[in-house]
Amino acid sequence: MMKAEQLEVGGATSKVSTRARSNKGISAMDLVLRIVGVVGTLASSIAMGTTEQTLPFFTRFVRFNAQYDDFPSFRLFVIVNAIVCAYFVLTIPLSIVHVMRSAARGSRILLVILDTVMLALLTAGASTATSIVYLAHNGNNSANWLPVCQQFNDFCQRASGSLIGSFGGIVVFILLILLAAIALSQQRKHSL
């Protein structure tokens, strides 16, 4: 009878350690995704914040200048990406704690809530910049807006490229939220 109880206890311990290892793997992936998010949003913010092009007009004294801060949507884009980048940097230590203590439940729930808020903020910033880039490339015939990317090609290429890191950050947030949900559901199974 004693051997059967020991066998059952030993079997339960191996299942718990396997689940703990899978939660550590999820936490490690969380850490890697947060670092990727820092790189993407920082690159997007820098690329858009340094976007500028000057074109001569008739003479060298009259010039047309296009800068990112001429467009409120691009300013919002730079600010939002900087905020999200700072958020990623500030949550990396918490992610490291989750790697070391994969059973942390309250902080993981807090991260899911904050990640969702930052996902909404980043989506709003990227969407506003995307609409302006679309108008710059294609114009709008019904509003009589002409495409300006034929003249300001370098400006438009750089603005378009900066959107890539921001949309990459959106994908990172979606994956982070899904990973946290999986980790929380596995912890929930342990407690039942």
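This is a predicted model: local features need pLDDT of at least 70, side-chain atom pairs count only at pLDDT 80 or more; totals for chains, interfaces and linings use all residues.
View 1. Helix α3 spans residues 106-138 and contains 33 residues. From its first C-alpha to its last, α3 reaches 48 Å, close to the 48 Å expected at 1.5 Å a residue. After α3 comes G139, which has a positive phi, near 70°.

**View 2. Buried residues of α3.** Twelve positions may be located here by name: S107, R108, L111, D115, M118, L119, L122, G125, A126, A129, V133 and A136 are the buried residues of α3. Among them, A129 and V133 are also touched by F74, and A136 belongs to the residues closest to the centre of the largest pocket.

**View 3. The largest pocket.** The volume of the largest pocket is about 210 Å³. It is lined by 14 residues, of which F71, I132, L135, A136 and V148 are the closest to its centre. Helices α3 and α4 (153-191) each supply at least two residues of this lining, and α3 gives the most, with five residues. By class, the lining has 13 nonpolar residues, one polar residue and no charged residues.

**View 4. The largest nonpolar core and F74.** The largest nonpolar core comprises 36 residues, and F74, V84, F88 and F173 have the most contacts inside it. Two or more residues of this core come from each of α1 (2-49), α2 (72-100), α3 and α4. The helix that gives the most to the core is α4, with 11 residues. Leaving aside residues up to four places away in sequence, F74 touches M48, Y68, A129, I132, V133, F155 and A159.

Notes
Residues are numbered from 1 along each chain as its sequence is written. Side-chain values use heavy atoms; hydrogens and water are left out. Helices (H or I, at least four residues) and strands (E, at least two) are DSSP runs, numbered from the N terminus. The expected span of a helix is 1.5 Å times one less than its number of residues. Buried means under 20% relative accessible area, exposed over 50%, partly exposed in between (1.4 Å probe, protein chains only). On a 1 Å grid over the protein atoms alone, a cavity is a set of points where a 1.4 Å probe fits but cannot get out, and a pocket is an open set with protein on both sides within 12 Å along at least five of seven lines; lining residues have an atom within 4 Å of a point. Grid points are joined across faces, edges and corners, and a volume is the space filled by probe spheres set on the points. Ala, Val, Leu, Ile, Met, Phe, Trp, Tyr, Cys and Pro count as nonpolar, Asp, Glu, Lys and Arg as charged, and the others, Gly among them, as polar. A nonpolar core is a set of buried Ala, Val, Leu, Ile, Met, Phe, Trp, Tyr and Cys residues joined through side-chain atoms within 4.5 Å. Contact means heavy atoms within 4.5 Å.
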